[in-house]
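Student: I have just opened this entry and have not worked with it before. Could you take me through it step by step?

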Amino acid sequence: MAAINPSISLHHRISSSSTISAFVSPPKPLLHLHTFSSHFSHSVSFSPSICTTPFRFRRSRSFSTVVSSSLRKLSESEPVPVTTETEALIPSESGVYAVYDSKNELQFIGLSRNIAATVATHQKRVPELCVSVKVATVDEPDRASLTNAWKSWMEEHISGTGKVPPGNESGNITWLRQQQKKSDLRLTPGRHVQLTVPLEELIDRLVKENEVVAFIKGSRNAPQCGFSQRVVGILEALGVDYESLDVLDEEYNSGLRETLKKYSNWPTFPQVFVKGELLGGCDIISSMAESGELAKVFQK
């Protein structure tokens with residue numbers, strides 16, 4: 001599952017001091033990227049911020065030479081309102097995006113492996129600040145290309161305004177994904193406690209009394225299979241409020257795996273239920289996330 005790792009920072013050089021001098025005096029500031037660790041690229045959202053801590057380095061080639069010439073400039077991009085009617089206009093691809101508030105003031109410039117999912121998360125968490133977005137996709141979205149695309153938009157904005165977007169200032173965590181604190185549910189008090197109702201009935205109550213339930217291998221904080229980790233990453237990226245159960249927990253969920261297979265008529269895990277109905281496993285959830293259909297399900 002993607003989580004904030006404040007100890008990881010990547011320092012990148014800025015090719016020209018002229019773009020920075022308007023808002024800070026020497027020594028030159030450096031771009032400080034807070035990154036999320038994840039095994040699955042579609043669920044990763046990189047949230048850059050500016051840090052003005054002095055840092056000595058040798059000058060490298062101008063980064064403008066490694067930014068794709070096809071990348072649309074920030075000033076040339078058209079803003080798209082963030083609403084249910086216009087969500088299809090926001091691509092589910094990798095790239096850079098800029099978020100604007102109701103006064104059309106730039107709040108944050110970020111980069112993501114799935115722009116649509118990341119913007120949907122922002123809009124759900126800070127709707128007053130995420131009213132419209134500008135986006136530009138990156139053709140070959142490796143980490144370096146995404147970072148350079150972000151730097152290109154940041155330099156353009158700083159050069160034109162002399163200031164950093166509020167959300168990119170050092171210490172501002174408004175746009176950073178917070179580490180998930182929610183605990184997994186337990187279906188029973190323990191394996192040695194005799195149940196007064198059948199396990200299948202407990203499952204039925206659980207999926208019908210909760211909006212979204214994910215049955216996974218391992219916990220949401222430490223999935224124990226790649227498919228479960230992928231599904232958890234997608235749900236987290238979309239900002240879904242969901243309950244989770246570990247089907248491998250034989251102490252508190254004894255018999256859950258086999259009983260759930262019969263209940264859902266689905267042989268594999270993970271399994272995601274929405275409003276009491278099985279939505280699907282990893283392949284279906286991944287496909288729906290990539291097409292943007294999954295975000296619509298959770299916006300209803």
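Student: To begin, how confident is the predictor in the chain on average?

Tutor: This is a predicted model, and its chain averages a pLDDT of 78. A score of at least 70 is reached by 75% of the residues.

Student: Where is the pLDDT below 50?

Tutor: Residues 1–69 have a pLDDT below 50. In the model this stretch has 154 contacts beyond near neighbours in sequence. Where pLDDT is low, predicted coordinates should not be read in detail.

Student: How many helices and strands does the chain have?

Tutor: The chain has seven helices and 11 strands. It has 300 residues, of which 49% count as buried.

Student: And what about contacts between residues that are apart in sequence?

Tutor: Taking contacts between residues at least 6 apart in sequence, 69% join residues at least 24 apart.

Student: Now the open sheet. What is the order of its strands?

Tutor: The open sheet has four strands in the order E9-E8-E10-E11, and the pairing is mixed. E9 and E11 are the edge strands, each pairing on one side only. From one strand to the next, the twist averages 25 degrees.

Student: In which sense does E10 pair with E8, and over how many bridges?

Tutor: E8 and E10 pair in the antiparallel sense, over four bridges. Within this part of the sheet, Ala-214 stands opposite Val-272 in E10.

Student: And E10 with E11?

Tutor: E10 and E11 also pair in the antiparallel sense, here over three bridges. Phe-273 has Leu-278 in E11 as its bridge partner.

Student: What packs on the sheet?

Tutor: Helix H3 packs on it, touching E8, E9 and E10. The direction of H3 makes about 135 degrees with that of E8.

Student: Going back to E10, which way do its residues point?

Tutor: Gln-271 and Phe-273 point one way from E10, while Val-272 and Val-274 point the other way. All of these residues are buried.

Student: What is found in the hairpin of E10 and E11?

Tutor: The hairpin has two residues between the strands, and Lys-275 takes a positive phi near 55 degrees there.

Student: Changing topic to helix H5, which of its residues are buried?

Tutor: In H5, residues 256–264, the buried residues are Leu-256, Thr-259, Leu-260 and Ser-264.

Student: Why do they line one face of the helix?

Tutor: Viewed down the axis of H5, the buried residues fall within an arc of 120 degrees, so they line one face of the helix.

Student: What covers them?

Tutor: The cover includes helix H3 (199–209) and strands E8 (212–216), E9 (243–246), E10 (271–274) and E11 (277–280).

Student: What does its side chain reach?

Tutor: The side chain of Asn-168 reaches the backbone nitrogen of Ile-109, at 2.9 Å.

Note on methods
Residues are numbered from 1 along each chain as its sequence is written. This is a predicted model: local features need pLDDT of at least 70, side-chain atom pairs count only at pLDDT 80 or more; totals for chains, interfaces and linings use all residues. Side-chain values use heavy atoms; hydrogens and water are left out. Buried means under 20% relative accessible area, exposed over 50%, partly exposed in between (1.4 Å probe, protein chains only). The arc is that of the directions from the helix axis to the C-beta atoms. Contact means heavy atoms within 4.5 Å. pLDDT is the predictor's confidence in each residue, from 0 to 100. A polar contact is a pair of N or O atoms within 3.5 Å; within protein, one must be able to donate a hydrogen and the other to accept it, and residues adjacent in sequence count only if both atoms are side-chain atoms. Two strands pair if DSSP finds at least two bridges between them. Axes are lines fitted to C-alpha atoms, for helices over the stretch in contact, and angles run from 0 to 180 degrees between N-to-C directions.
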